[in-house]
Amino acid sequence: MALLAFSLCSPYSYSEEVYGTTNNAATFGLNWVMTNILPSQAGLEVNGLVYQYTAVKDPETGMIVYVQNEYADGSGYIFRNADDWTGLPGNTIRRKFALPNLGAELWGPGSIEVEGEGSVENASVVYSYRYDTCFDPQSDPNCPGYEEQVEVPEIAIYDPLQDPLVQEDLERKARIQEEEEEQERQRRREQWAVSNALEDLLADGNNPSLIDPVAEAMALALTSRVLPTNYYNGLEGREYFDTVVLEGGDIADNAKARRSNLAQQLLHQQMVDSQYESSQQETK
Amino acid sequence: MLKVVIPMAASILATGVVAQTEIVGNVDSKCIIISETPGVYGNPNPYQLTTAPTNGGVQPIIRYDVLAADYYKAVIEHPIDFSTSPTLDDVVTWTGDVEVSEMSDTNMADYDTNKVEYDNAHEYEMSVAGSTWFKISSTADYGYTKSFPAGQYTAVVQAECIPL
């Protein structure tokens, strides 16, 4: 009974470690790309390397042969071994290395590099690897840790922007906004026309109706007032070298300055209007 | 309690004990010889047996794994007679050679240069730890271009690792 219960509770599952070796990476030359050499198996790790080549050289010359792999991110070498043949006759060398299970994603391009005089022939570089068939438990229903995929019912997604009523309301609001903006533009155009007309008027210096008669009379009274003599008599003598003489005794109003002020005001208004226009265009 | 303990202690002292223990040591060889490739004689001519690959032969390869440098020398003898063969009534002329075919360290590259040859023996100082592959060639010529009798011929390459 207990055995039956156990067998029901523990479904058959297995995880297998697969070991293998690559083909000769140096078949087509002394440079190779690891993605073309290693199987594209998830969780694959390189645990060894065997290389062999024949060094062809003069015993008197110097020669160093590097068998190497860069890191995939280019930060140096994940594996590099140097064979120094300097002063030695050429021969065939075969070397093997045990590696501490380095993930395939770490391995960058590999190469055999010759430094000095000589060459390399009949090169062979073979990597040994291992991987767990259940590295990704979801890859196989028989893997331990495999979880049945729960089917999620398809739920209709309500998009309010697709609702005809909402769309109608949005269009109505857009129309109202557009009308308001059109009205605002019309108001500004009219204001602009008035400002231009004012500028044209100010450009004519002989238009007396633009000067306030009361203010003009007050200014005239102020300028024509005669000061008592005690304002300028009885001053104790010192040295008064400069004497300001105002010929004619009448200071006329500066119509150009007034026009200038109004023109600056007009420019300011134009600038504000243009800012408003551009901000309206951006919000659109 | 005290009275009981004391007589027991006295009796132990009076009896005495003698014990012996062994010290065991095992020495594993630091030089291993492995026959990697068995040789095959080709028969390019009726009077000749040879391991030359160009003549249909296969050169035997012997690997020496030396774990400690400078403690051993390798002595390899190429054949100078058949261990098994049909009855031969004429002279067999033997030639042969031994050379390093592969190595696990570049410092073994001058093994061939420094080897000592005498008779059919080739003696190498194993001065570098690692693996060395030796390739042996052997040729047997029968008589004065006399045909070998039909049958199976076997010759033996002897490889030794001698402690220094």
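A residue is taken as buried if 20 or more other C-beta atoms lie within 10 Å of its own, as exposed if 12 or fewer do, and as partly exposed in between, with C-beta atoms placed from the backbone. The structure is a predicted model, in which local features need pLDDT of at least 70 and side-chain atom pairs count only at pLDDT 80 or more, whereas totals for chains, interfaces and linings use all residues. Residues are numbered from 1 along each chain as its sequence is written, and chains are lettered from A and ligands numbered from 1 in the order in which they are written.

The secondary structure of chain A comprises 5 helices and 8 strands, where helices (H or I, at least four residues) and strands (E, at least two) are DSSP runs numbered from the N terminus. Along the sequence these elements follow the pattern α-β-β-α-β-β-β-β-β-β-α-α-α. Of the 284 residues of chain A, 12% count as buried. Two residues are regarded as in contact if their C-beta atoms, placed from the backbone, lie within 7 Å; among contacts in chain A between residues at least 6 apart in sequence, 78% join residues at least 24 apart.

Helix H5 of chain A (residues 255-283) has 29 residues and reaches 42 Å from its first C-alpha to its last, close to the 42 Å expected at 1.5 Å a residue, the expected span being 1.5 Å times one less than the number of residues. This helix, H5(A), is hardly covered, the count of buried residues among its 29 residues being 0.

A nonpolar core is defined as a set of buried Ala, Val, Leu, Ile, Met, Phe, Trp, Tyr and Cys residues joined through C-beta atoms within 7 Å. The largest such core holds 45 residues, of which A:Leu38, A:Ala55, A:Val65, A:Tyr127, B:Ala74, B:Ile76 and B:Phe134 touch the most other members. Strand E3 of chain A (residues 45-56) gives the most to this core, with 5 residues. Apart from it lies another core, of 6 residues, among them B:Tyr41, B:Val92, B:Ala140 and B:Phe148. Not counting residues up to four places away in sequence, A:Val65 touches A:Ala55, A:Asp83, A:Trp85, A:Ile112, A:Val114 and A:Val120.

A positive phi of about 50° is found at A:Asn122, although this residue is not a glycine. A:Asn122 lies in strand E8 (residues 119-132) of chain A and counts as exposed because it has 10 C-beta neighbours inside 10 Å. B:Asp119, likewise not a glycine, has a positive phi of about 50° and is found in the loop between strand E8 (116-118) and strand E9 (121-126) of chain B. With 8 C-beta neighbours inside 10 Å, B:Asp119 therefore counts as exposed.
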